[in-house]
Each structure stands twice: as C-alpha cells, then as structure tokens.
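Good morning, and thank you for coming.

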Amino acid sequence: MPVIRVFGAAALFALATSSAAQQYPNRNLSMIVPYAAGGPTDTVARVTAQAMGKPLGQTVIVENRPSAGGILGPEQVKNSKPDGYTILIHHIGMATTVALYRNLRFNPLTDFEPIGLINDVPMTIIGKPQLPANNFKEFLEYIKKNKDKVSYANAGIGAASHLCGMLFMSAIQTDFLTVPYKGTAPAMNDLLGGQVDFMCDQTTNTTSQIKSGKVKAYAVTSAKRVPSLPDIPTLDEVGVKGAQVGIWHGLYAPKGTPKPVIDKLVSSLQEALKDEVVQKRFSDLGATTMPVSQQNPAALAKHLKAEIDKWGPLIKKAGVYAD
Ligand code: ASP
C-alpha cells in the first residue's frame, strides 16, 4: 500500500510539473547578471532579455547580482527553483572561476542546464583620459616606467577583465597594483575620474567611451581588428603575444529544469538572436552573434567544457587563486 501511495504522489507531481511546463511561461522571468548594472555583461543581458520577451510572451527582467569575480550570481541561480523563471547569463568566467577559486559554491558543469551560446565579444585595453600616452608603444613605455604607481582596474578574480589583465601582465612581464570592483561599470567610472589608470574591458562597455574620446584606447584582444573600432590595433600587431582572448556569453537554467521549459527557452533565444535589430546592436558594440548552430544546449555544454579544459592549466601555471 505505502508503495502505491508513494507512486501516486510521484505521478501527481510529474503531472503537475508537466502541465506547468506546458503553460510555461505564464509570468515574468528573471535573468540574473553576475555583475553591476550598466556594465558589459549587463548590456548583453538587456539586449538579449528584451528580445527573448517577444517569443516568450512575457517580460524578462534583468536582475543584477554583482560580486567581485561574478561568483554570487551563478550560486543564486543554482539555488533557484528549476522552473524556468530564473535564468543566468554569464560569460567566460563560468569556465575560468573553476580553476581560480578553491571554494567555489557551484559547479558550472553539473549545477545547470545549458540553454545556448549568445555572442562573442572582444576586449580593449583602455587608459584614463589623463594618460600622456597616445598609442600602444607610448602606453607600454609609460606603464613600464611607472610600474610602481600605475594601477589596473578589474571586476575581481574570475572576471573577464581579470583574465585579460593576467594575460597582458604576463605577456609584458610586468605586474601592477590591481583594483577590484563588482563589475567594470563602477571600474569605468573611476577610470573616467582618473582614480585608476587602465583596464581591459569588453567592447560592449568601452565602444561609446572610445568613440567619444573619453578614454584612450590602445589595443584590442581579438585576432583581427574590430570592424566597429577599425583604428585600434590588435595586441598581435603591436607585438604582444599570448594575450588574445574573446569573451563568449551563454545562458543557463538551474539543474532539473524540465525539458519542455528548456526547449522553450532555446527556441526563444534562437528567435531573439535572429532579430536583425539585435544583431546590429551587438555588431555596433563590437560583438559577434553566435551562429544558430551554437545557440543550443549541446553547443554551450561542449564549449564550456572545452574552455574549462583550456584555461584551467594556464591559470594553474600562472599561480593565481582566490578562496
Ligand atoms: N566586464 C566585466 C568583467 O570583467 C563584467 C561586467 O562588469 O559585466 O568580467
């Protein structure tokens, strides 16, 4: 008898879950951003969320859960109800934090259902407006000569800006004082105010500041020049090897989110990224929308694993850790 009763409860639960999945979504969703509002991850989130709202028939509300290194956002989503109403947007940090944190409270590979890849964003090395250097050569000379007083802003260990800085400092064999923020939006404010000297940040945050001449731009981290910023040389062109990096973004749901819900999120993501307005907005900001073949769970799972395997050994070799 008790066996039948247990089975009955399980069957009822499955039935309720499947009918909830069929009605999904019947209210607003939350998209958690692990960094401060107004920054690059936030910008990608807002464009994606707004466009996904149409096919979902609901508003996707962007919620910022900022922390240095972006480690609290994924934890919040991991602990959310797996019903498709809370999803996570994150970048390459989802892969690099595994090697950087000894006590990470989430496992990127096992605590989430991947939804799909979104876009790829290059980074730019930029300096405060007051820096005397007007090109990369002068910049390099200046920061090397003044290495004891120059400061580098980033969004904490595990952020893209941290990774880029780490690669850059190692490539030029010079360390600088690092100032961590909970996102590069606040870091940018301090850079504009002249409190910190330089940073490496996504074009989704730096393009307008570069174009309006509010910051000095010295190099891009992509293999080729960025079409929306054609005058900025690549690191490779200016002779800096080994610091090339692209910041890819992905969308995730908590582990256990029902398959029909994930399917709906995948089709909505694909619909959103097909929109020419979205693609234009991304390309104006220097970003490349992922091809539709990458906008699905299998492609994100594969890429995430490959990136963990790629960055893990490099980070371990650099000997950088956080607790
Ligand atoms: N650009 C930041 C980073 O370094 C993240 C952000 O503020 O969105 O990862």
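A residue is called buried when its relative accessible area is under 20%, exposed when the value is over 50%, and partly exposed in between, using a 1.4 Å probe and protein chains only. This is a predicted model, in which local features need pLDDT of at least 70 and side-chain atom pairs count only at pLDDT 80 or more, while totals for chains, interfaces and linings use all residues. Residues are numbered from 1 along each chain as its sequence is written, and side-chain values use heavy atoms, leaving out hydrogens and water.

I begin with the whole chain. Buried residues account for 54% of its 323 residues. Its secondary structure consists of 11 helices and 10 strands; these are DSSP runs numbered from the N terminus, with helices (H or I) of at least four residues and strands (E) of at least two.

How many aromatic pairs does a search of the whole structure find? The search gives 11. Rings of Phe, Tyr and Trp (its six-membered ring) pair if their centres lie within 6.5 Å; planes under 30 degrees apart are stacked, over 60 edge-to-face, and the rest tilted. One of these pairs joins phenylalanine 112 and tyrosine 252, edge-to-face, with 6.1 Å from centre to centre and 65 degrees between the planes. Phenylalanine 112 belongs to strand S4 (residues 112-127) and tyrosine 252 to strand S9 (residues 246-254), so this pair links distant parts of the chain, 140 residues apart. Both residues, phenylalanine 112 and tyrosine 252, are buried.

A second pair is formed by phenylalanine 176 and phenylalanine 198; it is edge-to-face because the ring centres are 5.4 Å apart and the planes stand at 90 degrees. Phenylalanine 176 lies in the loop between helix H6 (160-171) and strand S6 (177-180), and phenylalanine 198 in strand S7 (residues 198-202), so the pair ties together parts 22 residues apart in sequence. Phenylalanine 176 is buried, at 7% relative accessible area, and phenylalanine 198 is buried as well, at 1%.

Ring pairs also join Phe136, Phe139, Tyr152, Phe168, Phe176, Phe198 and Tyr218 into a cluster. Which residues touch the most other members of the largest nonpolar core? Among its 96 residues, they are Phe139 and Phe168. Such a core is a set of buried Ala, Val, Leu, Ile, Met, Phe, Trp, Tyr and Cys residues joined through side-chain atoms within 4.5 Å. Strand S4 supplies the largest share of this core, eight residues.
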